[in-house]
Amino acid sequence: MARPTVHTRRIVMAAATAVVLTGGVAAAVFLGHDTSSDGPGPALAHSSKTPGKSDNKPGAHASGSGAASGAGGGDSAPDGTDGSAGSTDPAAPSGAGIAESIDHATESGGKSVSITIDDGPSAVWTPKILAVLKQYGVKATFCMIGPQAQANPALVKEVVADGHRLCDHTVSHDEQMNKKPVPYQSAQVLDAQKMIEDAAGGAKVQYFRAPGGAFTPDNRHIAATHGMRPLGWNVDTKDWKQPGTAQIVQTVKQELKNGPIVLFHDGGGDRAQTVAALKQVLPWLAQQGYVFSFPKV
């Protein structure tokens, strides 16, 4: 039997509430457990993410609501998933008409793939990736860090002008945000949304991707009610590790059976291997009969 969703979940109360100060925001946090079935783990500050879902990578992004994206780091759980296994049960659309479940599908369906690019925009690597996408006529979804977008508004506008879509990847790429109070999660999601949309000149952000798969029923609800579909991934290229162009290409070929949403990066470090891999992966996908589609909204 399915347990209640985020709208109806029961909170098992402990003796009291605690006031947690995180990122300068004071919030009352229930000392209990989220009993909903539509999230990857407990949502409240005193609950823990499912063991093994966090990927402690060298040089990962700094935590904190005001910290900018740092060098290195990516968005994979150790098993190569987005940390949302078992959490994608259908959820009712939010007040904005957007489903709160984590999307792992394309708009086109069938034999299609979605290319997603995380952690930028980067003044060095985003233009190179845009050039490759344009060369092969591929539209992608760019999951941007708020301050990165704020610092590179011309690039954000170029992404939009080229017909790509925007995704909110939070303010500070905090892979532990699921352990933080709901007001902190809200600020991470909504502040980044504003930064990206302002940089884009008003173009809408259509997706939300939690860093490291740190989705919760709360941050998914916050995103959906503000017009952003929670976006997962199926193929983690692990390009942030710089394993070599050939390995990145091979990973796509091997893992595409897992589903259609493919994860690359344009930010967080040297992405020369990513650029080179895309030059091989995109024509190979077309040769295999795949069409390119955006993720489902």
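Reader: Is the crossing of α4 and α5 left-handed or right-handed?
Author: Keep in mind that this is a predicted model. In it, the axes of α4 (residues 182–199) and α5 (residues 217–225) come within 9 Å. As for the sense of their crossing, it is right-handed.

Reader: Are α4 and α5 roughly parallel or oblique to each other?
Author: Their axes cross at roughly 40°. Angles under 35 degrees would count as roughly parallel. The two helices, α4 and α5, are therefore oblique.

Reader: Which residues in α5 do Val182, Gln185, Ser186, Val189 and Leu190 in α4 meet?
Author: By class, this contact of α4 with α5 has five nonpolar, three polar and one charged residues. On the α4 side you'll find Val182, Gln185, Ser186, Val189 and Leu190, and what they meet in α5 is Asp218, Asn219, Ile222 and Ala223.

Reader: What arc around the axis do the buried residues of α6 cover?
Author: Helix α6 spans residues 245–255, and its buried residues are Ile248, Val249, Thr251 and Val252. They sit on the same side of α6, because the arc they cover is only 155°.

Reader: And what do the buried residues of α6 pack against?
Author: Take Ile248, Val249, Thr251 and Val252, the buried residues of the helix. Their packing partners are β8 (235–236), β9 (261–265) and α7 (272–287).

Reader: Does Thr141 count as buried or exposed?
Author: You'll find Thr141 in strand β4 (residues 140–144). Leaving out residues up to four places away in sequence, Thr141 touches several others, including Ile115, Arg165, Tyr207 and Phe294. Buried means under 20% relative accessible area. Thr141 has 0% relative accessibility, so it counts as buried.

Definitions and conventions
Residues numbered from 1 in each chain as written. Predicted model: local features only at pLDDT ≥ 70, side-chain atom pairs only at ≥ 80, totals over all residues. Heavy atoms only, no water. Axes fitted to C-alpha atoms, helices over the stretch in contact; angles between N-to-C directions. Helix = DSSP H or I, 4+ residues; strand = E, 2+ residues; numbered from the N terminus. Parallel < 35°, antiparallel > 145°, perpendicular 65-115°, else oblique. Left-handed = near helix turned anticlockwise from the far one by under 90°. Contact = heavy atoms within 4.5 Å. Nonpolar A, V, L, I, M, F, W, Y, C, P; charged D, E, K, R; others polar. Buried < 20%, exposed > 50% of the residue type's maximum accessible area, 1.4 Å probe, protein only. Arc of directions from axis to C-beta.
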